[in-house]
Structure formats: structure tokens, C-alpha cells
Amino acid sequence: MYQFIAGLPKVELHLHIEGSLEPELMFELAQRNNIDIPFANPDEVRAAYDFSNLQSFLDIYYQGAQVLVTERDFYDLTWAYMLRCKADNVLHAELFFDPQTHTARGIGFDTVMKGLTKALAKAEAELGISSQLILCFLRHLDELSAFDTLQQAQLWKEKIVAVGLDSSEVGHPPEKFARVFAAAREQGYLTVAHAGEEGPSSNIIDALDILQVSRIDHGVRCVDDPQLVARLVEQKVHLTICPLSNTKLKVFDSMDQHNIVDLLRQGVSVGINADDPAYFGGYMNDNFNAVASAHTLSHKELANFTYNAIDASFCSVGRKYELHQQLQAYVDNQ
Ligand code: ADE
Ligand code: ZN
């Protein structure tokens with residue numbers, strides 16, 4: 001099983017690039033930029049990663065991101081993630097980034113974009129991994145700040161495929177961003193949103209109806225509303241599920257309680273993703289392995305996670321075809 005997973009072609013659609021900051025790189029960047037962090041070594045950082053819910057994680061995650069200052073920092077961060085993609089046979093990745101976390105500290109939008117896009121171009125050329133960028137608005141901040149961020153993205157529009165919504169879900173429902181998402185859609189961006197991670201299933205409905213999202217990030221609480229599950233199946237709405245994240249943030253008590261396999265078998269388009277791998281203990285293969293050790297899954301079902309992700313991805317029709325072919329060849333050779 002683990003061998004099948006290791007060789008399985010994968011597509012990652014839910015990855016926060018700031019969440020791939022490994023403690024070792026955090027230390028290196030803190031030194032490089034003369035920034036104080038309240039830890040003596042990377043092991044101490046890891047020991048602090050014991051979360052009780054989403055907010056307890058977000059507090060540490062935003063603190064960690066403070067070491068990212070220069071274009072080179074964003075480049076190093078992104079390149080390190082793309083090397084992990086290569087190791088896990090991820091052929092296509094769609095990366096979230098949180099510009100407000102950086103611009104609020106005086107880091108230029110351009111600085112972030114130059115670092116990210118240079119690493120992604122190198123990954124495409126040298127590793128053969130295609131990618132897209134998704135700009136996320138922080139939902140704990142106000143609408144005006146989101147509009148300001150959308151404005152700053154103007155010059156980089158060709159490099160950003162979609163806008164998304166992340167950070168603290170409870171108390172910050174989708175409708176808070178109805179107008180900025182409408183403006184983004186008018187400018188030609190696709191939309192996605194974190195919904196039904198910790199918040200109620202009604203957030204999933206509002207993300208679909210008000211924000212008109214193409215897919216839902218997490219969405220695991222859809223099961224509280226059977227009518228919604230039927231709608232997801234019927235309208236082929238994809239959920240980018242993050243199993244290790246959900247257990248680390250206590251959305252589920254344990255992996256055998258996770259509903260991803262039930263959802264797959266009910267016909268919902270679900271995929272497996274890492275979310276914030278440096279904080280939750282694993283990249284793509286680790287997430288697949290964790291699900292496969294807690295649930296009995298056939299090879300066909302494991303491959304279906306990738307088929308679903310290919311269909312839900314924002315890459316070109318031609319690239320989707322290539323990805324399908326590679327996956328099919330792998331499955332046929334088993
Ligand atoms: N930002 C980074 N990871 C997140 C998550 N799992 N949920 C909401 N916001 C996030
Ligand atoms: Zn996320």
C-alpha cells in the first residue's frame with residue numbers, strides 16, 4: 001500500500017506556502033534577517049506545535065511567518081516546498097499565499113510575488129511540476145483590507161489564478177467578503193474558500209451561493225446537512241480535504257473517525273492535501289499514508305483522490321489531459 005502511494009501521481013490543491021516553513025528554515029531566516037524568535041532550536045519549535053483548535057495554530061503560524069522578509073526568503077521557502085513535491089510525486093500544485101500577513105509588516109506585495117514566481121518557474125523548468133497561485137484574504141481582517149489587497153494584486157494578475165478565503169472561520173462568515181469576491185470575479189479571478197472546517201455547514205452553502213466558489217477548502221462539516229451532501233455530489237463540487245490538519249486541529253479525534261472515505265464512497269469529489277505540512281507533521285505522502293493506515297482503501301480508491309483533484313484543478317485542459325494520462329498509465333501498470 002505504502003509503495004503504491006509513493007509512486008502514485010498526485011495533485012495538491014490545498015497548501016499554504018507559509019505553512020510549509022520548516023523549523024530549520026525558520027531558524028536560518030531568523031538569523032539572516034536578525035529577527036528574534038522565542039525558541040532556542042528547531043526541536044523547541046516543533047515541541048510548541050501542540051494545537052487545541054484552529055486559532056491556537058493560527059497564532060503560532062502568523063508568528064512563524066514573521067521571519068519571511070526578502071524576495072530570497074520567499075524564493076527559498078517555495079523552492080523547498082517544490083522539492084518536497086518532487087519527492088512525493090506531486091505533478092501539479094496550487095499554492096495559497098497570504099499577502100496581508102506580509103504587507104501588514106511593511107513587506108512589499110512585489111517582494112512576495114517575485115520570490116514565489118521565480119521558484120515556481122524554476123520548478124516547472126527543472127522538475128516538470130506545474131503550479132498555480134491563489135491569493136487568500138485573511139477573514140479576520142476587514143473588507144477594506146481585502147479590497148486593498150485585491151488592488152495591489154493588479155500588476156500580478158496574470159500570475160494569480162484565483163482568490164481564496166482563510167484564517168479564523170468562526171465569526172467571519174463568507175458574506176463578510178461578498179463584495180470583494182464579486183469584484184475579484186469581475187476582474188477574471190476564479191474563487192475558492194475555506195468553509196466547514198470548524199465553522200457550520202451553512203458556511204459551505206454561503207461560499208457556493210454568495211462567493212460562487214469553484215471548490216471548497218476542507219468542507220468536512222458538510223455531513224451535518226445531508227441535503228448539502230446531495231448537492232455536492234450532484235453539482236460535482238470538489239472538497240480539498242486535509243486529513244493530518246483535521247486531526248492535529250481536533251476537527252476529528254482520530255484518523256479513523258475522519259469522514260473522507262465515507263464522502264468518497266457517497267460520490268463526493270474529495271482529494272487529499274497537506275494544508276500546512278511543516279506544522280501538521282507531513283506532506284502529501286504522509287497524508288495519504290495516514291488515511292490508508294486508518295481506513296481500508298483499494299488502489300482504485302486511492303487513485304480516485306488524484307483523479308478528483310485533476311478534474312477540480314485550475315490548470316489548462318491540455319495539462320489536465322497529461323495528468324490524466326500519467327495517472328492512468330500508473331494505475332494500468334499495477
Ligand atoms: N491558514 C493556514 N491554514 C489554515 C487552515 N487550515 N484554516 C484556515 N486558515 C488557514
Ligand atoms: Zn487551509
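Begin with helices H8 and H9, where H8 passes H9 in a right-handed crossing (the near helix is turned clockwise from the far one by less than a right angle; the anticlockwise case is left-handed). Helices here are DSSP runs of H or I with at least four residues, numbered from the N terminus.

The model is predicted: local features need pLDDT of at least 70 and side-chain atom pairs count only at pLDDT 80 or more, while totals for chains, interfaces and linings use all residues. Residues are numbered from 1 along each chain as its sequence is written, chains are lettered from A and ligands numbered from 1 in the order in which they are written, and side-chain values use heavy atoms, with hydrogens and water left out.

**Helices H8 and H9**

Select residues 143-153 for H8 and 178-186 for H9; their axes come within 9 Å and cross at roughly 15°. Axes are lines fitted to C-alpha atoms over the stretch in contact, with angles from 0 to 180 degrees between N-to-C directions. H8 is therefore roughly parallel to H9, a term for angles under 35 degrees. Next, display the side chains of Glu143, Ala146, Phe147 and Leu150 on H8, together with Arg179, Val180, Ala183 and Ala184 on H9, which make the contact (heavy atoms within 4.5 Å). Six of these residues are nonpolar, none is polar and two are charged. In this scheme Ala, Val, Leu, Ile, Met, Phe, Trp, Tyr, Cys and Pro count as nonpolar, Asp, Glu, Lys and Arg as charged, and the others, Gly among them, as polar.

**Helices H10 and H11**

Move to H10 (residues 202-209) and H11 (residues 226-234), whose axes come within 10 Å and cross at roughly 35°. This crossing is left-handed. From H10, Ile204, Ile205, Leu208 and Asp209 take part in the contact, and from H11, Leu228, Arg231 and Leu232. The contact residues comprise five nonpolar, no polar and two charged.

**The cysteines**

The whole structure contains zero disulfides (pairs of cysteine sulfur atoms within 2.5 Å). Buried means under 20% relative accessible area, exposed over 50% and partly exposed in between, for a 1.4 Å probe and protein chains only.

**Pro38**

Finally, select Pro38 in the loop between helix H2 (23-32) and helix H3 (42-47). Pro38 is exposed, at 57% relative accessibility. Leaving aside residues up to four places away in sequence, Pro38 touches Glu44 and Gln63. Pro38 and Gln63 are 25 residues apart in sequence and 9.9 Å apart in space, C-alpha to C-alpha.

Conventions: Helix = DSSP H or I, 4+ residues; strand = E, 2+ residues; numbered from the N terminus. Parallel < 35°, antiparallel > 145°, perpendicular 65-115°, else oblique.
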